[in-house]
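User: I'm new to this and would like to learn how to read a structure feature by feature. Could you walk me through one?

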Amino acid sequence: MSALGGPKQTGGIQPPTAMGLVIGIVLIVAALALAYLLVQMAGLIALVGIIIGGVLIAFGVHFVPVGGAPAAMGQAPGIATGVAMLAAGAGLAGLFGGAWAAPLGFGVALAGGAIGGGLLMAITCTMVNVIYVFGMGIPAASGKVDKDPITGDTFPEFKSQGTEGHGLPFISWVGGVIGGALGGLGGTLIYLQLLDVYQAQLPVILNATVEQIAPVAVSLAGIFAVGMFLVNAVLAAYNITGTIEGPHDPKFKRFPRAIIAAAVASAVTGIFAIGLLQLVGVF
Amino acid sequence: MSVKVEVGAGGIPHNQILIYGLVGSLVLIYLTYLNTITGTEYFSFFGGLAAVVALLWGTDTIKHLCSYGLGTGVPSAGMIALGSGVVAALFGATTGPFAPIVTIIIAAIIGAVAGLMANAVVRMDIPVMVVSLIELAIVGAMTILGLSAMACGTFEFLGMITGEIAILGFIVQSYEFSLIGGSIIAVIFMLGAIAIQHSFNACLGPGEQQDRTLMLAAECGFLSMIPIAIISFAFIGMYAALISLVVSIVGWLYTYKKYIELSQRDAYAWLDAQPILEPKGGA
Amino acid sequence: MEEIVFGIGITALAGALATVAGAAEDVESDIGSQGDPNSQVQLAPQMGYIHRIFNKAIAGEPPAYGLWVALGAGLAWAFMAMQINPILAIVLGSALAVFVQGIYATTAYLGRTASLAKFGQPVYIDILKSMTTVTMAHAFIAIFATVAMCHLMISALGHPFPLPLLGIVWGIALGAAGSATGNPFYGKERQYQEQKFGAGVPISASGNIVRYAEAGQRNSLDNGFFSAKLGGPASGICFGLIVFFELWRTVVFEEFNIWGPIVVGVVVILVFAIIDRYIEVWARKNFGPYTAPEATEEASS
């Protein structure tokens, strides 16, 4: 991304304000109650699924190693693109696999979504390392930690002068795959919940068969899944102020904030998505 | 290592643009209701014009928000705007003639929640965050509703999910060949997501001028109308779609020409096939 | 069995189309300096380095390609709904999407450059004339290949998503794969060619991009030649592998067991983990270490 916003460097982690937490909890409870009133138990389960999906997306974004513009210059470790968008690429590739496997059952579809997202990140991260090593002659060196928590490699002696580290250490590779898998899982979960709701309600409202309304149900669930994915991913990107190296980065510890924010935002957007068909034909 | 986001000062105050944008897009989108009243489809293009007005307003909002430095690129603001907007727009569409007003209310709720979460939980602590995200969600929702109305001639949900297809000369009602059934809503989503942030993203820098940025916003709006006008040939009558196409092309040509003139006015020099002008005193 | 063979054929074709799309996408974005290397093209005039590089800042690559491919797919869908032959519909849809891409490219260059007037960066309109067309040509290949691939997935493999929705999914994935793989190669090796090979660009050198070519002054077409050597093909392989494995594991192994694709997916991820680790260790053995391990860490700003 053309990252032209200056990252705000704040010392330590500011906890969420009490007001924010209270409003968040109230909103989630209100949304759950509304879902139960509108669509009974099915609505409640669907909304819980959407909230979990949103939380998984926001959590997953924190794993994806993204260095932004400095990474493209070998000045910072990570993948050289925007964090929300890379996560979206992985999550939507997962959604592709999950939606394809949807008729085979809930568990298979979820696993398919997760593996789809993880696969995209595994291949992308490997090719990024191919470019770093064979195209630019740069070995991996993290700027935030001295030692890779998985492989035990040490980094300071591989870091070139005047940079914050570069390349993509193995811990970041693993983080990327986990992030992609969580994103794919979350996106697919949102999609499947909404698809269930629409496939149950649309035939009744339109007096049509499930096959006839399938394109509408798939499209609605798909575009809402994409929309909610982006809202949650951007909130998570705001939380990490643009760049992160992966699970070993100190910024990773900020994730509880994003999880709260994503849960509330998913609950509110989710209730409107679930209640979408309640007013059709009323006016 | 990122460039500071700088914006030019002066120009029309933001609140004035807000009021013009809100009222203008609401009035223009209601003009498409003439289609239902008169039983024709010739007024569809007003939906596109509503989107143009909304985008003008959204551009100014993004400029205000991004001058604080979000830590991630300008494009993410467009993504969160349209992500919240798509849910609000489709929910609003189900309320028949009240669609535009309900859309604005729902978008404001979703935007407020996202803004509150960003400020109080993720601790962005940007003073204009809540207001800006409310505005952006409304802009995103109005853009989607406006372009949808332009494509299929109505902003009502049932009109968006039913289409007609000629099979062997017979006109058959079908859910598959509709705005939502065919996922044209996804195209509108992306058109809006890029158009809303492009003008500010493309014009940022110390020499940013409000009139040039807004002219580009109008250009992006009319440019987005062109493909929608072409797509609308699949949904509405030939002549109605032709009117939309002519309006979009005329509007686009005018704004594009004006934008080039404004760029020529603001540029340091306007050169054709000249070498690099090294600054005095050398680099 | 016949169905599987047919599916494998479609999978291979989709993978090939994706490879072409990925390569074209990266070269296109590098000619336009889109994505992250854009920040340096933007920064250079502010540091006093006036240049003749195309500065095409249209969002990041993933959202931009999300739009181009979704738009091409949406227009193709509309043309198909108007009873136009699918191949012609995809060509027409991609051509119109490229028109939108070209206009966005020109407005981005004019806007960014005009806003840099304070630093004495002029607008070179010959850049617009010669380079926009080249990026449009590359974008056409990328969009056409991706939309055609999406159409195959629906009509031959039976994916439930409508064409435009699939366009958004694979468009964003294409942009993500292309920008992740191709950007560092262009950003570091080309823009900062004068810096030492095998090391990151020191932050103090930021903005000092290479502005002169072997003969005359560098323009973005020179960057296209350069990207086409490694960054483009690598992006193509990246996106091609993603599409191929994603389809292959489902098409081939779903027949045996519904959990088959998932097991195979995990195995493929583990294989890539081994490849990645091998590359990393190889680099550590051959390139470093730059300082003795006990030396104090260089101060980084």
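User: Which elements of chain B have the lowest and the highest mean pLDDT?

Analyst: Start with the general idea: where pLDDT is low, the predicted coordinates should not be read in detail. This is a predicted model, and among the elements of chain B the lowest mean pLDDT, 75, belongs to strand β1 (residues 163-167). Helix α10 (residues 238-266) of chain B has the highest, 95. For chain B as a whole the mean pLDDT is 89, with 94% of its residues at 70 or more.

User: Okay, and how many helices and strands are there in chain B?

Analyst: Chain B has 10 helices and 3 strands.

User: How compact is chain B, and why do you say so?

Analyst: The idea is to compare the radius of gyration with what a rule for globules gives. For chain B the radius of gyration is 20 Å, close to the 19 Å from the globule rule for 283 residues, so chain B is as compact as a globular protein of that length. Along its principal axes, the C-alpha trace of chain B spans about 75 × 50 × 30 Å. Buried residues make up 65% of the 283 residues in chain B. Now take the contacts in chain B with a separation of 6 or more: 70% of them come from residues 24 or more positions apart.

User: How is chain C divided into domains?

Analyst: Chain C splits into domain 1 (2-253) and domain 2 (259-285). Their C-alpha centres lie 27 Å apart. Where the two domains of chain C meet, 4 residues come from domain 1 and 5 residues from domain 2.

User: Which residues of chain C does UniProt list for "transmembrane region"?

Analyst: An unreviewed UniProt entry lists residues 87-110, 131-154, 166-186, 226-245 and 257-275 of chain C under that name. Over residues 166-186 of chain C the chain is 100% helix and 0% strand, and the end C-alpha atoms are 29 Å apart. Residues 226-245 of chain C come out as 85% helix and 0% strand, with the end C-alpha atoms 29 Å apart.

User: Last one: is A:Gln40 buried or exposed, and what about C:Ser33, buried or exposed?

Analyst: A:Gln40 has 10 inside 10 Å, so A:Gln40 counts as exposed. C:Ser33 has 30 other C-beta atoms within 10 Å, so C:Ser33 is buried. Look at the backbone too: A:Gln40 has a positive phi of about 55° although it is not a glycine, and C:Ser33, also not a glycine, has a positive phi of about 50°. A:Gln40 sits in helix α1 (residues 18-61) of chain A, while C:Ser33 is in the loop between α1 (2-31) and α2 (38-43) of chain C.

Key
Residues numbered from 1 in each chain as written. Chains lettered and ligands numbered in written order. Predicted model: local features only at pLDDT ≥ 70, side-chain atom pairs only at ≥ 80, totals over all residues. Domains from an automatic or database assignment. Contact = placed C-beta atoms within 7 Å. UniProt positions renumbered as here; feature names shortened; annotations may be inferred. Helix = DSSP H or I, 4+ residues; strand = E, 2+ residues; numbered from the N terminus. Rg over C-alpha atoms; globule rule 2.2 N^0.38 Å. Buried ≥ 20, exposed ≤ 12 C-beta atoms within 10 Å, placed from the backbone. pLDDT = per-residue confidence, 0-100.
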